[in-house]
Amino acid sequence: MAVALVLVLVVVGSVLFHLLSPWWWTPIASNWDYIDHTIIITFWITGVVFAAVVLFMAYCVFRFRHREGNRAAYEPENKRLESWLTIVTAVGVTALLVPGLFVWSRFVNVPSDATEVEVVGQQWQWSFRLPGKDGKLGTSDTSNVSAENPLGVIASDPNGQDDVVVEAADLHLPVGKPVKMLLRSIDVLHDFYVPEFRAKMDMIPGSVTYFWFTPTRTGTFQVLCAELCGQGHPLMNGVVMVDTQEDYVAWLGEQQTFAQLSAPQQTGSADPAPAGTVAPGSRISAKLETVEAR
Amino acid sequence: MVDITPADAVPPAEVGEMELYHPHSWWTKYVFSQDAKVIAIQYSATATAIGMVALVLSWLMRLQLGFPGTFDFITPEAYYQFITMHGMIMVIYLLTALFLGGFGNYLIPLMVGARDMVFPYVNMLSYWIYLLAVLVLVSSFFAPGGPTGAGWTLYPPQAIMTGTPGGQDWGIILMLVSLILFIIGFTMGGLNYVVTVLQARTRGMTLMRLPLTVWGIFTATVMALLAFPALFVACVMMLFDRALGTSFFMPAIVEMGEQLQHSGGSPILFQHLFWFFGHPEVYIVALPAFGIVSDLISTHARKNIFGYRMMVWAIVGIGALSFVVWAHHMYVSGMHPYFGFFFATTTLIIAVPTAIKVYNWVLTLWRGDIHLTIPMLFALAFIVTFVNGGLTGLFLGNVVVDVPLSDTMFVVAHFHMVMGVAPILVIFGAIYHWYPKVTGRMLNETLGQFHFWVTFLGAYLIFFPMHYLGLVGLPRRYAELTDMTIMTESAHHLNSFISIMAFMVGFAQIVFLFNLIWSIRHGREAGGNPWRATTLEWQTAETPPTHGNFGKDLPIVYRWAYDYSVPGAKEDFIPQNVPGSFGTSKEPA
């Protein structure tokens, strides 16, 4: 009796928790409300199945609990019932899979008018590169990375000279324009994740990965790293600001291009200590301090 | 459907007591024993001991998550070491070892009517190599730099780099060596389990008369023998990358402004190898639990398992399908996005045989005679948590739904519910069920009730709300859940609540351990077959069974394992080794 009651309470409690709890997704800021809809469908189907199975169990525990003189039925198989259950399950699973795959095909096929924006992850900061007037990003290679060329842009590629380089600062995007985020890492795995955009993708050193989305409202959104990248992982925050077109153009005008950044600098820049003279451990703690200070 | 085979149709047992290696001293009887039952207890005790380490680690990480900034000794390095070791211990060194090395060793020979495993000496070696693997793992806590903090998935490049605890110290090396040892030890045991099931079944014990426990453990072992080699080569290759400077998984990398001496390797190759092992691993843990819980439900509901043949084929089907779903762990890994279509489809297909198993468990309860014993309570709790965790798998398996939820607390909640809580509830139920056979005494019922309710409700209250933290978007593997705009005051409170529940559930496990030890001497005498069960392990001449299991003559099997409440029979159970026809028995052929 008590057991059956607890089982019913588990179902009722779970449903009430789902409906009443304050913990729900953040207001969306991208075109991926398709994903939210698919999650809702999934919640409905799985919720009904969960309630049905556990409530049926509760009924059985109550109705068929042991009492003196009771004897169980003897029914090893019931082909009809088993076939029906298999078919119903297959239908339910199809109802989940079909919309899921449909939305996935949208997710992976980038519209042709999407602007490319490169995100480069490194322990533990985000940098960005936007195409210049030519609309093309220059090629890059991790082996080119140095203090002067933090993203490893290949200088001999003319497409790269006018690229806008945003090192360890905020990214701005214009509202309502689809963007293809090209994701790169120069050290370990990272994952560019903005909860309000719903999309995320790992960044792999040596490869370029991508996802696309259209920002649908202006605002300031926090970038989180969603793939464990060492002890500074939780500190690897960044900012994406979705601007109106005018604000975006104004911001873009203030940024420096690769050519400007790599022009020889006159004044004595604070040279980083030559590699190898500092113990790795202290380099990491120094790095962590700068990340934490931001 | 066939009638029960009459006794005279089967030739009398000709198998006398086999030439077993009988121990001559205390050492060979209890320490370097070749008796599968002793090896089973050694496996179980070692797994429980290392599991306690994992339990303490989970408390430490919950202290940090529930009360951030309160405990200075939990640095980010320490936190990552805790989660890594907790995950690895629970999945490999506890669950795999306990289900296959513990339950497999104890139950397979007894349930199939064999005197022992077919290669007892190799079986003994299997345990000692497992113990060595555990000791190497534990030694990393005392090594310079501490254990690895790479996460239990050990993804390179970070696993072997300076920014990860243990990456350039001893931690990762000891981890990889320990895994390699574990796999060697497991392979020795696994071959034993498979050959024993195939070759050493007693007369009359056809494959379709095996209890589902044996089917579950057998299929899981076959899968493990096929899956672990992928992890083995991944470990060896990463060890080479770390120790010899090869670049299997290491592309060109700039670390903290310094170019490393690697180039051309593929980090994602490791992920494919890892999950080619890692996904079957989920079912290596789940299938023995499926099998065992089927037998618990059938025995304690006094009713045959519903749809036995379907259950067997579901186990085999899930085992086979689980080898073609691995990349659903990698939807946002950056692999080619078109893989998503294939792996989402295979992943959702696997839901069908899994759902059939659930239906058959609850349909076994239907029109049963349900005894709410402690094993039955754990079996019911298993169904609740497994259904819950399995259904959230439909979120994560459905590629596009996984995109916002991947790498969040939703994933943590899902896999803990489905492959942490659910199988462990089965382990508890199984221990309450078979403890009387192992020791001759019952576990204390009152302590058992306390253990059950705190564990079941506590674990549900930990992991059910945790899904919603993931829905908010909170990422997993964050040593600090503080500097985030999506983190709210109420989410902090929920985290504190989850931590407090975790301490309570942990405390209940200490009560359980006390019960295990106390009842060895003080438990109620059990007799040979306290649950009035049909399977062969309950029909041994002596309890606990002696070396050789069945005394002079091996049992002969006349019926399937589920002749409960057969109409016309006097008792509500007919053991498998009882001859004679009862007319209406409808054993599936």
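**Exercise 1.** In this predicted model, state which domains the assignment gives for chain B and how far apart their C-alpha centres lie.

*Solution.* Step 1: read the bounds. Domain 1 of chain B covers 31-210, and domain 2 of chain B covers 527-589. Step 2: take the C-alpha centres of domain 1 and domain 2 of chain B, which are 34 Å apart.

**Exercise 2.** Describe the contact between these two domains of chain B, counting residues in contact when their C-beta atoms lie within 7 Å.

*Solution.* Step 1: count each side. Domain 1 of chain B gives 13 residues, and domain 2 of chain B gives 15 residues. Step 2: find the element that gives the most on the domain 1 side. That is helix α3 (residues 76-112) of chain B, with four residues. Step 3: sort the domain 1 side by class. Five residues are nonpolar, three are polar and five are charged.

**Exercise 3.** Describe the contact between chain A and chain B, with attention to the chain A side.

*Solution.* Step 1: count each side. Chain A contributes 88 residues and chain B contributes 99 residues. Step 2: list elements of chain A that give two or more residues; among them are α1 (2-20), α2 (33-63), β9 (219-225) and α7 (280-293). Step 3: pick out the largest share. α3(A) supplies it, with 14 residues. Step 4: sort the chain A side by class. There are 53 nonpolar, 23 polar and twelve charged residues.

**Exercise 4.** Locate the domain feature that UniProt places on chain A and describe its span.

*Solution.* Step 1: read the record. An unreviewed UniProt entry places "domain: Cytochrome oxidase subunit II copper A binding" at residues 112-254 of chain A. Step 2: describe residues 112-254 of chain A. Their end C-alpha atoms lie 28 Å apart, and the span is 10% helix and 38% strand.

Conventions: Residues are numbered from 1 along each chain as its sequence is written. Chains are lettered from A and ligands numbered from 1 in the order in which they are written. This is a predicted model: local features need pLDDT of at least 70, side-chain atom pairs count only at pLDDT 80 or more; totals for chains, interfaces and linings use all residues. UniProt positions are given in the numbering used here, feature names are shortened, and annotations may be inferred rather than shown by experiment. Domain bounds come from an automatic or database domain assignment. Ala, Val, Leu, Ile, Met, Phe, Trp, Tyr, Cys and Pro count as nonpolar, Asp, Glu, Lys and Arg as charged, and the others, Gly among them, as polar.
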